[in-house]
Amino acid sequence: MLMLRDLQRAFVQGALSDSASAFLCAQIIEDGIAPERRLAIYRNNAVEGFLKTLQATFPTIVRLAGEDWFRQVGRGYMHRYPSRSGNIHYIGQQFATFLEAQLAGSHYEYFADVARLEWAYQEVLIAADHPSFDLSALALVPPTDYGALVFSTHPAMRLVHSRFPVLAIWRANQPDAVSDEPIALDQGSSSVLVIRRTDHVELRELPPTAFALLAALVRGESLEQAAECALEIEPGVALDAALGRVVSLGALVDFTVPLDSPAKQ
Amino acid sequence: MRSTAHTVIRVAEPMPARAGIGLRAQHHDDLLRDRPDIGWLEAHSENYFADGGAQIDYLLALRELYPLSLHGVGLSLGSVDPLDRDHLWRLKRLVHLAEPALVSEHLSWGAVDGTHLNDLLPLPYTEEALHHMVARVGELQDYLGRQVLIENVSSYLQFANAQVTEGEFLQALADRSGCGLLLDVNNVYVSSRNHGFDAREYIAHIDPRHVREIHLAGHSVNTHGDFSILIDTHSRPVSDAVWDLYAFTIARLGRVATLIEWDTDIPPLAVLVAEAGRADQFIKGLHAHAA
């Protein structure tokens with residue numbers, strides 16, 4: 001496998017950089033077109049394919065930044081994070097991380113969080129289905145055990161928090177957006193639930209307490225621990241109401257009762 | 001992953017010897033509503049690798065209306081990297097779910113050391129590469145528990161160390177691995193123009209018994225100084241020269257399920273249906289001759 005491996009390594013290296021090695025060029029028949037020119041066709045295909053997928057994954061960033069900027073940054077991203085899968089879906093996986101590092105301290109820092117929201121949207125589109133929550137089962141749990149309950153959350157659900165108003169920015173840049181009111185980057189943070197419904201993906205701004213509660217439950221913390229997180233944000237918040245709200249969002253799909261619960265005996 | 005509601009026992013019918021079209025997400029609703037008279041649908045496997053969500057539901061709904069072929073573009077069969085277990089598992093899950101009449105992949109590679117170019121790159125037609133492809137196709141067929149078809153790709157370069165022609169390589173691959181062949185007539189034409197070989201001679205040397213599917217697509221021409229090179233863009237109607245080559249092909253191979261591929265600048269469904277209708281006329285004409 002020596003020759004094939006060497007050839008494939010030289011080819012990928014040549015396609016991802018600006019020039020092909022002498023070894024690779026010597027393997028390619030010239031026949032009227034220099035090997036370097038022939039390889040450039042594949043280099044171009046790889047770059048254009050990558051950028052096309054990235055643009056389709058992050059349409060809001062394209063709209064905010066313009067296509068020229070996006071393509072330039074997209075090339076840098078491809079160089080730093082080349083595709084690691086035969087499934088092009090994963091091409092955008094590291095884009096928010098890349099933008100965060102590239103744009104730290106600049107006016108465009110918020111692009112990273114917008115990208116995070118768009119990637120959450122993509123993940124939610126293809127995540128697993130799950131039957132809805134059977135609330136009646138919760139009624140069998142003794143109230144004294146509520147605090148110890150651990151919930152599982154819907155596979156097709158993500159939470160995105162940003163110090164920028166990313167949901168307003170996202171909405172204003174949808175093709176069918178009606179409002180073109182200016183958005184101030186310092187107008188407030190954003191806590192977004194991204195969740196797949198029957199026929200669409202819903203993006204919804206959550207109150208900080210509900211977001212903190214849900215985020216803690218996503219991390220696998222007990223209801224009591226999650227409640228403490230919510231209370232830290234807003235001391236004295238009505239936990240019943242906050243939990244009711246989280247349940248009504250459809251974000252919770254199941255729960256486990258602690259082992260020492262009377263309900264298990 | 002799926003709710004049990006989708007667990008339907010359904011025997012995959014054989015692919016009809018008619019023209020089908022490539023399934024694209026923007027045509028899902030139109031297909032379900034209009035149910036055009038086309039022979040079958042071909043989906044890119046990777047587009048339906050999702051764990052859940054609307055895309056798979058569409059595929060399964062359309063699967064009730066049309067025979068289906070699953071066409072992979074990302075397995076990188078010719079790569080020296082080990083086959084991606086997650087990719088294989090997702091393909092097997094999809095095959096189990098959708099029960100396609102045909103499953104296909106490419107005579108190409110796309111990755112090395114875990115870095116992917118997500119393209120269909122040409123192999124050197126050497127004994128070493130043939131040995132490798134035979135093993136890989138065998139591994140895929142064993143894993144899926146069924147035959148797969150392997151498709152020839154368009155190429156823009158040839159490797160100096162080739163020991164056989166592409167046609168000979170494919171023929172030997174099918175003989176040794178037991179795979180079927182998906183003959184892409186546009187790709188044969190594009191490569192024949194790019195490398196100066198005789199497309200009809202290539203096709204005439206393929207054993208008709210191996211060919212279980214044909215692809216037709218449009219290509220573009222790029223000019224580099226004094227030379228032009230044909231690029232397999234799948235962004236245009238099938239060219240007249242490729243229709244001519246198609247007529248030659250089916251006259252030799254007989255009636256074979258034929259796909260109209262159109263993956264970039266995708267036109268309205270009606271345009272694809274009309275292209276498929278044209279291919280059906282060729283297939284019917286052949287039938288009339290034979291009868």
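Predicted model: local features only at pLDDT ≥ 70, side-chain atom pairs only at ≥ 80, totals over all residues.
## The contact between chains A and B

Chain A and chain B each bring 42 residues to their contact. On the side of chain A that touches chain B, at least two residues come from each of α1 (2–16), α3 (35–57) and α7 (110–126) of chain A. The largest share, ten residues, belongs to α3(A). Sorted by class, this side of chain A holds 24 nonpolar, nine polar and nine charged residues.

## The largest nonpolar core

The largest nonpolar core has 148 residues, and those touching the most other members are Ala115(A), Val166(A), Val194(A), Leu213(A) and Leu216(B). The greatest contribution to this core, ten residues, is made by α7(A). Because domain 1 (1–91) and domain 2 (127–265) of chain A both give residues to this core, it lies between them. In soluble globular proteins, nonpolar side chains tend to be buried together.

Leu216(B) also has contacts beyond its neighbours within four places in sequence, including Val185(B), Val242(B), Tyr246(B), Ile260(B) and Ala279(B).

## Two residues with positive phi

Most residues other than glycine have a negative phi. Glu99(B), which is not a glycine, has a positive phi of about 45 degrees. Glu99(B) sits in the loop between α3 (85–98) and β4 (102–106) of chain B. This residue has 18 other C-beta atoms within 10 Å and is partly exposed.

Asn118(B) is also a residue other than glycine with a positive phi, near 50 degrees. Asn118(B) belongs to strand β6 (residues 115–121) of chain B. Asn118(B) counts as buried, because 22 C-beta neighbours lie inside 10 Å and the cut-off for a buried residue is 20 or more.

Conventions
Residues numbered from 1 in each chain as written. Chains lettered and ligands numbered in written order. Contact = placed C-beta atoms within 7 Å. Helix = DSSP H or I, 4+ residues; strand = E, 2+ residues; numbered from the N terminus. Nonpolar A, V, L, I, M, F, W, Y, C, P; charged D, E, K, R; others polar. Core = buried A, V, L, I, M, F, W, Y, C linked by C-beta atoms within 7 Å. Buried ≥ 20, exposed ≤ 12 C-beta atoms within 10 Å, placed from the backbone. Domains from an automatic or database assignment.
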